[in-house]
Amino acid sequence: MIRSLSAIALAASLAVAPAFAASDDFQMEIDLNRTQLETVEGARAEYSRVRDEVHTRCVAEHEDFHFAKTYVVGQCERQTMKKIVAHVGDANFTEAHFTYS
């Protein structure tokens with residue numbers, strides 16, 4: 001049974017300089033399958049899925065950047081995933097984060 005978090009609304013104020021942020025109010029909603037987090041393999045699969053969503057959103061958020069786009073998107077991904085991991089607070093999900101980081 002999928003239990004999605006009712007709304008992990010992340011106000012991800014990026015660690016990079018404000019000039020790098022495409023918007024001042026970066027928010028992203030993630031649906032997380034909590035039953036997947038019960039096993040290490042499930043948590044890794046869920047982490048990978050969430051990370052792909054974050055990557056897609058960060059690329060879209062910074063599509064107008066021509067200079068240092070790779071750096072800015074990477075910073076966006078790292079900061080957003082760090083906030084998601086902290087918010088989820090699951091040991092298997094956290095382990096997956098440190099495995100892929």
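**Entry 1: helix 1 against helix 2.** I looked up which residues touch, taking contact as heavy atoms within 4.5 Å. From helix 1, Tyr47, Val50, Arg51, Val54, His55, Cys58 and Val59 meet Lys69, Val73, Cys76, Glu77, Thr80, Met81, Ile84 and Val85 of helix 2. By class, this contact has ten nonpolar, two polar and three charged residues.

I noted my source: this is a predicted model, where local features need pLDDT of at least 70, side-chain atom pairs need 80 or more, and totals for chains, interfaces and linings use all residues. Residues are numbered from 1 along each chain, and side-chain values use heavy atoms, without hydrogens and water.

**Entry 2: the angle.** I checked the axes, which are lines fitted to C-alpha atoms, with angles running from 0 to 180 degrees between N-to-C directions. Helix 1 (residues 40-61) and helix 2 (residues 69-88) come within 9 Å and cross at roughly 135°. The two helices are therefore oblique to each other (under 35 degrees is roughly parallel, over 145 roughly antiparallel, 65 to 115 roughly perpendicular, the rest oblique).

**Entry 3: aromatic rings.** I searched the whole structure and found two aromatic pairs (ring centres within 6.5 Å; planes under 30 degrees apart are stacked, over 60 edge-to-face, the rest tilted). Tyr47 and Phe93 have ring centres 5.4 Å apart and planes at 65°, so they are edge-to-face. Tyr47 lies in helix 1 and Phe93 in helix 3 (residues 91-100), so the pair ties together parts 46 residues apart in sequence.

Phe93 is buried, at 0% relative accessible area (buried is under 20%, exposed over 50%, partly exposed in between; 1.4 Å probe, protein chains only). Tyr47 is buried too, at 3%. Tyr47 and Tyr100 are stacked, 5.7 Å centre to centre with 5° between the planes. Tyr100 is partly exposed at 38%. I logged Tyr47, Phe93 and Tyr100 as one aromatic cluster.

Notes:
Helix = DSSP H or I, 4+ residues; strand = E, 2+ residues; numbered from the N terminus. Nonpolar A, V, L, I, M, F, W, Y, C, P; charged D, E, K, R; others polar. Phe/Tyr/Trp six-rings, centres within 6.5 Å; stacked < 30°, edge-to-face > 60°.
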